[in-house]
Amino acid sequence: MNNLKTNFGKRKIKISEKTSLVQSLFTNVSKNYDLMNDLMSFGTHRIWKKTLLEIMNIRSNEKIIDVGSGTGDLIKLITKKNNNNEIYCVDLNANMLNECKNKFKNNKYNKIKFINANAENLPFQKNIFDKYIISFCLRNVTHIEKALSEAHRILKPGGSFYCLEFSTPNTTIINSLYNEYKKKIIPFLGDKIANNKDAYKYLDESISLFPNQESLLDMINDAGFTTSNFINIFDGIVSIHKGYKV
Ligand SMILES: C[S@@+](CC[C@H](N)C(=O)[O-])C[C@H]1O[C@@H](n2cnc3c(N)ncnc32)[C@H](O)[C@@H]1O
């Protein structure tokens, strides 16, 4: 079983090695993560995240979980607008989770909990969350179907699932320009700014190998979600998938 192979970027590795290799990359980039995010996306990741939150339309008292919360960008945006939500930031990487905690050190919002856990095995009872978010994390998870099944398990009936992730552009010209950008510019910036070319080479490769919009939608449906759909942003460079639990 442990000899089965998977992708780590374009390298074939043992499935059992993937989680720790991905995590060592995030440990190395945690300090520069926010800066690199802004530079590489020209700040557009903020627009993508705002779009996600508009679609989510969070209401007061809803219980929210952000899996792979990283440095807590989305939670910061949520707490600016809402002040009565119980929010769980979950990340497998202790360094990223610490960066997230630091962001909220002096914040009056006191209903945030920080949990170090794997998306594939969440330490929560079933049927307890109203909204589940996974943003730019699913690509890094070793067993995507396990993470989707965990999302379904912990959501309440009537709860909803949201995934913001890099995807496949619709237009050939945008796709080829974007591929060049990912292959050349992103690793260059990673090298010069974060001193970590490999992490940003992995970023390009993990985006290229991630299921396209339709395949991810099938996986979300297979996990038990209904009336699932997706919208494309920036021609499909990123997409937001949504699913309901009945
Ligand atoms: C690219 S960052 C995204 C952070 C944030 N959600 C955002 O949108 O900016 C991916 C995060 O997912 C976390 N991650 C990767 N695999 C994970 C897993 N299996 N379970 C939980 N978190 C994971 C990483 O540690 C990292 O903090």
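Colleague: Is asparagine 57 buried, partly exposed or exposed?

Modeller: Asparagine 57 counts as partly exposed, because its relative accessibility is 46%, and the cut-offs are under 20% for buried and over 50% for exposed. Bear in mind that this is a predicted model.

Colleague: Where is asparagine 57 found?

Modeller: In the loop between helix H3 (44-56) and S3.

Colleague: Let's step back. How many helices and strands are there in the protein chain?

Modeller: The protein chain has 9 helices and 9 strands. Its radius of gyration is 17 Å, close to the 18 Å from the globule rule for 246 residues, so the chain is as compact as a globular protein of that length. The C-alpha atoms fill a box of roughly 45 × 40 × 40 Å along the principal axes.

Colleague: How much of it counts as buried?

Modeller: 53% of the 246 residues. The accessible surface comes to about 11,900 Å², and 51% of that belongs to carbon and sulfur atoms.

Colleague: What about charges, how many positive and negative side chains?

Modeller: There are 35 positive and 24 negative side chains in the protein chain, and the centres of the two sets lie 4 Å apart.

Colleague: Now the inside. Which residues touch the most other members of the largest nonpolar core?

Modeller: Met40, Leu52, Ile78, Phe166 and Tyr200, out of 45 residues in that core. Helix H8 (residues 197-209) supplies the largest share of this core, 5 residues. There is also a second, separate core of 28 residues, which includes Ile134, Ile154, Leu155 and Leu216.

Colleague: Back to Ile78, what does it touch?

Modeller: Not counting residues up to four places away in sequence, isoleucine 78 touches Leu53, Ile58, Ile64, Ile87 and Ile133.

Colleague: Where does isoleucine 133 lie?

Modeller: In strand S6. Isoleucine 133 counts as buried, because its relative accessibility is 0%. Beyond its neighbours within four places in sequence, its contacts include Leu52, Met56, Leu74 and Tyr162. Isoleucine 133 and phenylalanine 161 are 28 residues apart in sequence, and their C-alpha atoms are 6.2 Å apart in space.

Colleague: What share of the contacts join residues at least 24 apart?

Modeller: 69%, among contacts between residues at least 6 apart in sequence.

Colleague: Which other residues in helix H6 are buried?

Modeller: Helix H6 covers residues 144-154, and besides Ile154 the buried residues are Ile144, Ala147, Leu148, Glu150, Ala151 and His152.

Colleague: What do the buried residues of H6 pack against?

Modeller: Strands S3 (63-67), S6 (129-135) and S7 (155-166), along with helix H9 (213-222).

Terms used. Residues are numbered from 1 along each chain as its sequence is written. This is a predicted model: local features need pLDDT of at least 70, side-chain atom pairs count only at pLDDT 80 or more; totals for chains, interfaces and linings use all residues. Side-chain values use heavy atoms; hydrogens and water are left out. Helices (H or I, at least four residues) and strands (E, at least two) are DSSP runs, numbered from the N terminus. The radius of gyration is taken over C-alpha atoms; the globule rule is 2.2 Å times the number of residues to the power 0.38. Buried means under 20% relative accessible area, exposed over 50%, partly exposed in between (1.4 Å probe, protein chains only). Contact means heavy atoms within 4.5 Å. Accessible areas come from the Shrake-Rupley method with a 1.4 Å probe; for residues, only the protein chains shown count as cover. Lys and Arg count as positive and Asp and Glu as negative; His and the chain ends are not counted. The place of a charge is taken as NZ of Lys, CZ of Arg, CG of Asp or CD of Glu. A nonpolar core is a set of buried Ala, Val, Leu, Ile, Met, Phe, Trp, Tyr and Cys residues joined through side-chain atoms within 4.5 Å.
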